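Let's walk through this structure together, one question at a time. Have the sequence and the 3D view at hand as you read.

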Number of protein chains: 2
Amino acid sequence: MELAKIGATEKGGVCRLALTDLDRQGRDLVTKWARADGLSVTVDQIGNIFMRRAGRNDSLPPVVTGSHIDTQPTGGKFDGNYGVLAGLEVIRTLNEHGMETEAPLEVVIWTNEEGSRFVPVMMGSGVFCGAFSLEHAYQAVDSNGKSVKEELASIGYIGDEVPGQHPIGAYFESHIEQGPVLEQAGHVLGVVPAVLGLTWYDCTVTGFESHAGPTPMAIRKDALQVATYIMQEVVAIANRYPPYGRGTVGMVQVTPNSRNVIPGQVKFSIDLRNVSEDFLSRMNEDLSTYVRDMHKQTGLNIQLQQVSHFPPCPFHSDCIRAIREAVASLGYSSMDVVSGAGHDAIYAARVAPSGMIFVPCKDGVSHNEIEDAEPSHLEAGANVLLQAMLNVASPRLGQKRDAA
Amino acid sequence: MELAKIGATEKGGVCRLALTDLDRQGRDLVTKWARADGLSVTVDQIGNIFMRRAGRNDSLPPVVTGSHIDTQPTGGKFDGNYGVLAGLEVIRTLNEHGMETEAPLEVVIWTNEEGSRFVPVMMGSGVFCGAFSLEHAYQAVDSNGKSVKEELASIGYIGDEVPGQHPIGAYFESHIEQGPVLEQAGHVLGVVPAVLGLTWYDCTVTGFESHAGPTPMAIRKDALQVATYIMQEVVAIANRYPPYGRGTVGMVQVTPNSRNVIPGQVKFSIDLRNVSEDFLSRMNEDLSTYVRDMHKQTGLNIQLQQVSHFPPCPFHSDCIRAIREAVASLGYSSMDVVSGAGHDAIYAARVAPSGMIFVPCKDGVSHNEIEDAEPSHLEAGANVLLQAMLNVASPRLGQKRDAA
């Protein structure tokens, strides 16, 4: 709640865009807390912050947890921030109990996860794992033409460390679910076996713009009517590949968008997701087939352009097991919940064994100022995170301990 | 082509919005021609211009023809302008042949038919026939806050005559079809038995905005999916009431319109038309029933708000007969074509026997800078107009004469 004051909005949310002065204030506050808890702070060249608690064997690669503290323009208090602060809570609990771990522990703040101000999204973790280069990220500009490099420098968070040269033994991220599954099932904890893969398309149907009155139905080339069938097929495809198939048309642009003109062109987005590469590629094939058939059937030109693709990301069995054991030892009611949204953990998983812990959020709402979560659920998530990290960093300790 | 130079656009169209200085230049040019042709010019308080050729019995109500010379922002050369200039051509032909008519003849320019700059559309003829008041029209403002009254005054076209106090014996309007029916059927002339009635709605479907990734298909409240079924039903309804049923969704607004967010709300326009009051009201009932059923089936809130209604406008049998006889005597290939679009003739029909003559336009395209028409078709339409006016204004003469 203290961190949420920085960039607080009237409706109870937070607007703390990446690399703004508010982001600096947030980073300053969290690192001040970290130093007060005895952690050493390292910043890399893309502004990722690693806050470290030494291990008994400090040469072991650290067990890392964290997330991000940048928000959407009309974001909430919990998305990302919870994962970072749950990490600090783990450290404090260990400090309070005077406990050491074999491996060092670290809490990370990844730079610009949201991508609201600068794309690509998940920028800090993306550079860290080599998904794209530091130079590519530096050159990204916001709508005012300011670059990531100059804004990182201006808030004082360009470090010396080369991104990715920081070793990670294992990575855990706790996060609000951003969906309604846990809440509706009445569970306190979600074990995340994987993040859904996704393919994004822009689909453009081109018909012929004409006057709604004088043009008989039989000779129309109504781009919107053809588009509606494809929009319905997107949902039908998702339903054919359960339980993790997702199909969404979120964005529609009709031309000329006038009440008494038959639409000459309709452009819309398509978002297909699934947990397995096989299912996702079958969904993509179904879509291509349907679009080809619609073109044959209607004669209208239909362009289907892929604009983005992330393969499904299964998490590491060791990390999933560590989380399951933690949940079991603490006795929380839990279920498996795949993550439908992207997280820094997807990129972390490319360089280290990784896993995620979900807690419910109110009505499944996120990326919204009314985003909310129960304190008892947040506490449960932090307890599981502590146990899971101990299970990996210091196995004997982990098995001995109870809830923090 | 001379008139089309005023407000000519680079793409070959015309932008001459109502009550602009370009409109004034157009009015000045046409009335200059009219005066040169010996016509007297009267302007009424809403700026309608009546250009009069005396009859042998000048106390008879005049046989009037005309249309409008204002255009869409990206309009063509023919919409409206053709009807006014065909009227002047009728006068010139009579002058050249030294022919008198029993009743006087008039050519009218109605103010602001298009409604692009000021609503309501068909403003001059609407005030003339009492569809709405002069004060209501005067108070209409454009997007810069300028009123009809001040702009009419500024271009010098507020006359003294009270709108509607001008008698009309019969009214004919010749116009490009603005649809593809005549061209596709290969006919030169269209006799217009009626103008389709229409009902306009705004339909708003409200679901629940949520993240496209984490939200399972089964628990979504996707406003766009529900909207697509209604959009398809609009077309299905039109097809159930042939041959003049029309159903169009032209305008769509998705909220929040973001690629990875399930639409929480979709607002779209619905345009239903038919030639008979009975069919049109059955179409409206079908739509209401479908929307009620969709609400029951999906649980989503659906608002259907009627925003406009014009009843079908059948033209007067005397005028239709006069046109049919003219076509027959001149031997043009013709067919009946209902008008799908609104015209000043709809309002004229409320105060006098009225009829319309259509000529083909290229590819059925109108309200577009590429709008085009064949000179031979335009000539044929003017010939039919001449004969039809003579048939009514001076029956014996009309039956004797050949093509102008």
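A residue is called buried if 20 or more other C-beta atoms lie within 10 Å of its own, exposed if 12 or fewer, and partly exposed in between, with C-beta atoms placed from the backbone. This is a predicted model, in which local features need pLDDT of at least 70, side-chain atom pairs count only at pLDDT 80 or more, and totals for chains, interfaces and linings use all residues. Residues are numbered from 1 along each chain as its sequence is written, while chains are lettered from A and ligands numbered from 1 in the order in which they are written.

Q: Is A:G83 buried or exposed?
A: A:G83 lies in helix 2 of chain A, residues 81–96; helices here are DSSP runs of H or I with at least four residues, strands are runs of E with at least two, and both are numbered from the N terminus. Leaving out residues up to four places away in sequence, A:G83 touches A:G66, A:S67, A:E173, A:S174 and A:H175, where contact means C-beta atoms, placed from the backbone, within 7 Å. Around A:G83 there are 32 other C-beta atoms within 10 Å, so this residue is buried.

Q: Which element gives the largest share of the side of chain A that touches chain B?
A: In the interface, 49 residues of chain A are in contact with 50 residues of chain B. Elements that give two or more residues to this side of chain A include helix 6 (181–185), helix 7 (223–240) and strand 13 (265–274). The largest share, eight residues, comes from helix 7 of chain A.

Q: What is the radius of gyration of chain A?
A: Chain A has twelve helices and 17 strands, and its C-alpha trace spans about 80 × 45 × 40 Å along the principal axes. The radius of gyration is taken over C-alpha atoms, and the globule rule is 2.2 Å times the number of residues to the power 0.38. For 404 residues a compact globule would come near 22 Å, so chain A agrees with its value of 23 Å.

Q: How many residues does the largest nonpolar core have?
A: A nonpolar core is a set of buried Ala, Val, Leu, Ile, Met, Phe, Trp, Tyr and Cys residues joined through C-beta atoms within 7 Å. Among the residues with the most contacts inside the largest one is B:M389, and B:M389 is in contact with B:V63, B:T65, B:V90, B:L105 and B:F172, leaving aside neighbours within four places in sequence. The size of this largest core is 242 residues.

Q: Where is B:L196 found?
A: B:L196 is buried, because 26 other C-beta atoms lie within 10 Å. Beyond four places in sequence, the residues touched by B:L196 include A:G213, B:Y244 and B:P312. B:L196 is found in chain B, in the loop between strand 7 (194–195) and strand 8 (197–206).

Q: Which residues does the cis peptide bond with omega about 5° join?
A: Most residues other than glycine have a negative phi, and most peptide bonds are trans. In chain A, the bond from A:P242 to A:P243 is cis, with omega near 0°. In chain B, the cis bond with omega about 5° joins B:T255 and B:P256.

Q: Over which residues of chain A does pLDDT stay under 50?
A: pLDDT is the predictor's confidence in each residue, from 0 to 100; its mean in chain A is 95, and 98% of the residues reach 70 or more. Where pLDDT is low, the predicted coordinates should not be read in detail. In chain A, pLDDT stays under 50 over residues 398–404.

Methods. Two residues are in contact if their C-beta atoms, placed from the backbone, lie within 7 Å.
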